[in-house]
Amino acid sequence: MHDEPPMNDLGPIWKNQDVHGESIPAQQLRNRAHKLQKRARRDAVIQFAIALVCLLIFGRLALHTVISADWFGFAGWALATVSTMYMVVQQFRVLKTAWATNLSPDAATKTCFDFYRSTLQQNLERMRRATYAALPLILSIQILVVGSVIRERANPYFVPPIEAVLPFCLIMVVWAAWFFYGRSRSARRIRAEIASLDAFEKDVS
Amino acid sequence: MGQDELYEQASKAYDTALARLAHAYEADPEKRRDLLQEIHLALWRSFDRFEDRCSLRTWVYRVAHNTAASHVIRERRAKPQSLLSLEDLETAPDATNHAGKTEHHLALERLMDLIHRLKPLDRQLMLLYLEEMDSASIAEITGVSPGNVRIQIHRIKAVLARRFHGGTTYAR
């Protein structure tokens, strides 16, 4: 390489590190790969099952509120059902991937540039999906709480007045704001990194 | 050649280089050991589909760097500001602890500190350069064109050299 800054002394420093290579027997790696895959599959099944059970419970509650003409309740549980339905679909995709033989096929076939870029994009996509799932769920909790207060207003034995549920609602709103702000900041950082990678080839030439 | 034979051949030829690579990606000794094992696992797994698509060296470094980059991205969620662009690296404070160290150790520690703060792509280019690869080989592994490899390495080296020589002296 031409016109390089004088850094000839870094090569020997790098090469003369006191490190010891580690060669792991193939059988040990095979066992570990098997264990990892088993764990990934088990986790995927558990998460899919949880999402499915939640979907059934929320769906049933939504149906129940329709029958009893509780429209606030219906709106809340229907939103929760939609949110968990989305989660079930996502978890099913994870389940399908976990069942594939090779867990990370890209690591070998993609160049470092493409792999890094696609990993960032996957993270961005995962973040987007989590936000899509969380938004209706948070909204449904708010609707259910407010709805129950409105419904019970006429009940003389109804103890918690609006002030009693207000702190919960406020905490929920603050938490949601913090959650979405954090998500959007991380997403912005990843998008900037992807943009800088896109500009990289053009920029340096 | 089968998956196990390929892995054994690669592991024998590149075990020290892989250990150096893990050192450049993870400062914590415990996590570094886990990363090195993760790299070996990914390598063994990858040979299932090697099919002589490229040279063994390119394949090994590609898998190792990609596995390590995934590790960096995972770790970065916990410390989002830990990686710097080349511009920011110029002005970042020196985090090296000078007390009771030989000049060689101090130089290595400073080099590692700088490398640990590079973003994955810059780090990959620099590490491959330090492993004495030419720009064509680096280009094949990273997917960056040879011309751009040369320019970017020149930039990284210039920043590292300024930062390095701005600190204490060491034996050559």
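This note goes through the model point by point, from the chain A fold to single loop residues.

1. Basis. This is a predicted model, in which local features need pLDDT of at least 70, side-chain atom pairs count only at pLDDT 80 or more, and totals for chains, interfaces and linings use all residues. Residues are numbered from 1 along each chain as its sequence is written, while chains are lettered from A and ligands numbered from 1 in the order in which they are written.

2. Fold of chain A. Chain A has six helices and zero strands. Helices (H or I, at least four residues) and strands (E, at least two) are DSSP runs, numbered from the N terminus. The order along the sequence of chain A is α-α-α-α-α-α.

3. Burial and contacts. In chain A, 15% of the 205 residues are buried. Buried means 20 or more other C-beta atoms within 10 Å of the residue's own; exposed means 12 or fewer; partly exposed is in between; C-beta atoms are placed from the backbone. Of the chain A contacts with a separation of 6 or more, 77% join residues 24 or more positions apart. A contact needs two C-beta atoms, placed from the backbone, within 7 Å.

4. Domains. Chain A splits into domain 1 (26-103) and domain 2 (107-205). Where they touch, domain 1 of chain A gives 13 residues and domain 2 of chain A gives 12 residues. The domain 1 side has eight nonpolar, four polar and one charged. Here Ala, Val, Leu, Ile, Met, Phe, Trp, Tyr, Cys and Pro count as nonpolar, Asp, Glu, Lys and Arg as charged, and the others, Gly among them, as polar. The bounds come from an automatic or database domain assignment.

5. Helix 2 of chain A. This helix has 42 residues, which should span 62 Å at 1.5 Å a residue; its end C-alpha atoms are 61 Å apart, which agrees. The expected span is 1.5 Å times one less than the number of residues. Its buried residues are A:Leu29, A:Ala51, A:Phe58, A:Ala62 and A:Thr65. They pack against helix 3 of chain A and also against helix 2 (29-46) of chain B.

6. A:Ala69. Just after helix 2 of chain A, A:Ala69 takes a positive phi of about 55 degrees. A:Ala69 sits in the loop between helix 2 (26-67) and helix 3 (71-98) of chain A. It is exposed, because 8 other C-beta atoms lie within 10 Å.

7. B:Glu132. Phi of B:Glu132 is near 65 degrees, a positive value in a residue other than glycine. B:Glu132 is in the loop between helix 6 (120-130) and helix 7 (135-142) of chain B. B:Glu132 has 10 C-beta neighbours inside 10 Å, so it counts as exposed.
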